[in-house]
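Here is a short briefing for a first look at this structure. Start with the view below, then read the points by topic.

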Amino acid sequence: QVQLVESGGGLVQPGGSLRLSCAVSGSIFSVSAMGWYRQAPGKQREWVASITRTGSTSYADSAKGRFTISRDNAKNTVYLQMNSLKPEDTAVYYCKVSSPNWAKPAGDYWGQGTQVTVSS
């Protein structure tokens, strides 16, 4: 079974930084795309950033220029470096692994989430 464990969330002042980590169990990490999503209270979960298995990245407009997604295949871990944080970044952040159809196991798997609170 695939397990994802996020860490690195917390309380930070506006303008501060945090680095989120997501460790993935099993052997599918290196062949899978990874994504970060977030869900603020009363809102739907939204996509933040993605990275392909080859390292290509993409970002939501709200994250461009402030957040950086990266991966370490040797550690089965994906990161989200968040700089210049704003109160509107407050949310539970989730990582997702998208394993290709030919992999075993295939499909999308989610972590349990980590809370990020940006407040003075």
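Two strands count as paired if DSSP finds at least two bridges between them. By that rule, β1 and strand β3 (residues 18-24) pair in the antiparallel sense, over 4 bridges. Keep in mind that this is a predicted model.

**The sheet**
- β1 and β3 belong to an open sheet of 4 strands, with the order β1-β3-β8-β7 and antiparallel pairing.
- The edges are β1 (4-7) and β7 (67-72); each has a single partner strand, so one side of each has no neighbour in the sheet.
- From one strand to the next, the twist averages 15°.

**The nonpolar core**
- The largest nonpolar core holds 30 residues.
- Leu4, Met34, Trp36, Leu80, Met82 and Tyr93 touch the most other members.
- At least two residues of this core come from each of β3, β4 (33-39), β5 (46-51), β7, β8 (77-82), β9 (91-99) and β11 (114-118).
- In soluble globular proteins, nonpolar side chains tend to be buried together.

**Around leucine 80**
- Neighbours within four places in sequence are left aside here; beyond them, leucine 80 is in contact with residues including Leu18, Leu20, Trp36, Val48 and Tyr93.
- Its contacts also include Arg19, Ala49, Phe67, Thr68 and Ile69.

**Rings and charges**
- The whole structure has 1 aromatic pair.
- Arginine 45 places its charged end over the ring of tryptophan 110, 4.6 Å from the ring's centre.
- Arginine 71 lies over the face of phenylalanine 29, at 4.5 Å from the ring centre.

Methods. Residues are numbered from 1 along each chain as its sequence is written. This is a predicted model: local features need pLDDT of at least 70, side-chain atom pairs count only at pLDDT 80 or more; totals for chains, interfaces and linings use all residues. Side-chain values use heavy atoms; hydrogens and water are left out. Axes are lines fitted to C-alpha atoms, for helices over the stretch in contact, and angles run from 0 to 180 degrees between N-to-C directions. Rings of Phe, Tyr and Trp (its six-membered ring) pair if their centres lie within 6.5 Å; planes under 30 degrees apart count as stacked, over 60 as edge-to-face and the rest as tilted. A charge sits over a ring if NZ of Lys or CZ of Arg is within 6 Å of the ring centre and within 35 degrees of the ring normal. A nonpolar core is a set of buried Ala, Val, Leu, Ile, Met, Phe, Trp, Tyr and Cys residues joined through side-chain atoms within 4.5 Å. Buried means under 20% relative accessible area, exposed over 50%, partly exposed in between (1.4 Å probe, protein chains only). Contact means heavy atoms within 4.5 Å.
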